[in-house]
Structure formats: structure tokens, C-alpha cells
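Trainee: Please go through this model with me, one question at a time.
Mentor: Gladly, here it is.

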Amino acid sequence: MSDKSIAWVLAKGRNIIPVIGARKRTQLEESLKAVEVELSPEELSRIEAAIPASAIAGTRYDEHQMKMLDSER
């Protein structure tokens, strides 16, 4: 994840926390630089226009895999 994408998540609200999957300390250090990035309202608008919320739908996995994940049902 780039520092700008993490900064975008941080800008969505104080109750939203990005989960960073770093395998190396250097990756973690790079990702943590996102707290120093301040996106302007124009940058936030451009990011959100590139992938509007209405374009995101469905589950993360296909139906068979979802059944395996929801095996307690």
C-alpha cells in the first residue's frame, strides 16, 4: 500500500484504521510515513472519483469460498 492510499483511509475518519500488512521493517516504516501526508480536498475528490463507492459491490470471494469461510452457518 502506498503512503497516499493509507493517507486516504486515514482521511475517511478517526474511527477507521488502516491495516498494514508489512513483511519487513522497511515496509512498515514506509507505510507509517502516511501519517505525515496531508491530502488536499481536491486530491481526496480525485481519488474518490477514480473509484466511486457505487462501483464497489459484492463479496471478496466467490460463493464456494464464502461457504467455506462461513462454515458455522
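Trainee: Which residues line the largest pocket?
Mentor: This is a predicted model, in which local features need pLDDT of at least 70 and side-chain atom pairs count only at pLDDT 80 or more, while totals for chains, interfaces and linings use all residues. Residues are numbered from 1 along each chain as its sequence is written, and side-chain values use heavy atoms, with hydrogens and water left out. On a 1 Å grid over the protein atoms alone, a pocket is an open set of points where a 1.4 Å probe fits, with protein on both sides within 12 Å along at least five of seven lines, and lining residues have an atom within 4 Å of a point. The lining of the largest pocket consists of Lys 4, Ser 5, Trp 8, Lys 12, Ile 47, Glu 48, Ile 51, Pro 52, Ala 53 and Ile 56.

Trainee: What volume does the largest pocket have?
Mentor: Rolling a probe the size of a water molecule over the atoms shows where empty space is left. Grid points are joined across faces, edges and corners, and a volume is the space filled by probe spheres set on the points. For the largest pocket, that gives about 210 Å³.

Trainee: How many residues of the lining are nonpolar, polar and charged?
Mentor: Ala, Val, Leu, Ile, Met, Phe, Trp, Tyr, Cys and Pro count as nonpolar, Asp, Glu, Lys and Arg as charged, and the others, Gly among them, as polar. Sorted that way, the lining of the largest pocket divides into 6 nonpolar, 1 polar and 3 charged.

Trainee: Which helix gives the most to the lining of the largest pocket?
Mentor: Helices are DSSP runs (H or I, at least four residues), numbered from the N terminus. H1 and H3 each supply at least two residues of this lining. With 3 residues, the one that gives the most is H1.

Trainee: Which residues of helix H1 are buried, and which helix do they pack against?
Mentor: Buried means under 20% relative accessible area, exposed over 50%, and partly exposed in between (1.4 Å probe, protein chains only). In H1, residues 3-11, the buried ones are Ile 6, Ala 7 and Val 9. Seen down the axis of H1, they fall within an arc of 160° (taken from the directions from the helix axis to the C-beta atoms), so they line one face of the helix. Counting contact as heavy atoms within 4.5 Å, these buried residues pack against H2, residues 25-32.

Trainee: How many salt bridges are there?
Mentor: The rule asks for a side-chain nitrogen of Lys or Arg within 4 Å of a carboxyl oxygen of Asp or Glu. By that rule the count is 3.

Trainee: How many residues apart are Glu 43 and Lys 4, which form a salt bridge?
Mentor: Their closest N and O atoms are 3.4 Å apart. The pair links distant parts of the chain, with Glu 43 in helix H3 and Lys 4 in helix H1.

Trainee: Are Glu 63 and Lys 67 buried or exposed?
Mentor: Their side chains meet in a salt bridge, 3.5 Å from N to O. They are 4 residues apart in helix H4, about one helical turn. At 58% relative accessibility for Glu 63 and 55% for Lys 67, both count as exposed.
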